[in-house]
Amino acid sequence: MNVARDVRDRYTDAFNAHDMKALLGTFSPAGVSISPEGVSQGHSELASYLEEFWTAFPDVRAVITESSEAEATTVDELLMVGTHRGPYTMPGGQVLPATDRPVRLRCCYVCTVEDGLITSLRLYFDQLELLTQLSGSVILHRP
């Protein structure tokens, strides 16, 4: 197993345990996390984002379905599995109150590791898929 895979696996274990201290121990203080929801740079922004996410989905866990690695980069396909039990800020700023709906969101992480710490973590997922699962239907806004 290479260093990048080991670090990424420790990040996933800490994410699933909702262990912020262990998770930040895998992440560079200058690291950047990018997702459809926005950009977090550094420990304080990442911690703020994750605390909000864990509040919205208190039982969330990442289930890795496929993974690969090349030197300092890992790529993981995964399912984010959980229940929407708290306020979730949607892209655009709208806050969606808890729906108690289950979520199984297909995602992809691309992670870069330097000197044993994550420097870049990019999360990709379909926002419409998430909105459909949370609302139970597709909501289209027309001008």
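This is a predicted model: local features need pLDDT of at least 70, side-chain atom pairs count only at pLDDT 80 or more; totals for chains, interfaces and linings use all residues.
An α-helix has 3.6 residues a turn, so residues three or four places apart point the same way.

H3 comprises 15 residues (42-56); at 1.5 Å a residue it should span 21 Å, and the 22 Å between its end C-alpha atoms agrees with this.

**The six-stranded sheet**

Six strands form an open sheet with mixed pairing, in the order S2-S1-S8-S7-S4-S3. S2 and strand S3 (61-70) each have a single partner strand and stand at the edges, so one side of each lacks a neighbour in the sheet. From one strand to the next, the twist averages 15°.

S1 and S2 run antiparallel and are joined by four bridges; Ile 34 stands opposite Val 39 in S2. Helix H4 (residues 127-135) packs on the sheet, where it touches strand S7 (102-114) and strand S8 (117-125). The direction of H4 makes about 145° with that of S7.

**Positive phi values in two loops**

Most residues other than glycine have a negative phi. Glu 71, however, has a positive phi near 55°. Glu 71 lies in the loop between S3 and S4 and is exposed, with a relative accessible area of 74%.

Asp 115 also has a positive phi, near 50°. This residue is placed in the loop between S7 and S8, and its relative accessibility of 81% means that Asp 115 counts as exposed.

Key
Residues are numbered from 1 along each chain as its sequence is written. Side-chain values use heavy atoms; hydrogens and water are left out. The expected span of a helix is 1.5 Å times one less than its number of residues. Two strands pair if DSSP finds at least two bridges between them. Axes are lines fitted to C-alpha atoms, for helices over the stretch in contact, and angles run from 0 to 180 degrees between N-to-C directions. Contact means heavy atoms within 4.5 Å. Buried means under 20% relative accessible area, exposed over 50%, partly exposed in between (1.4 Å probe, protein chains only).
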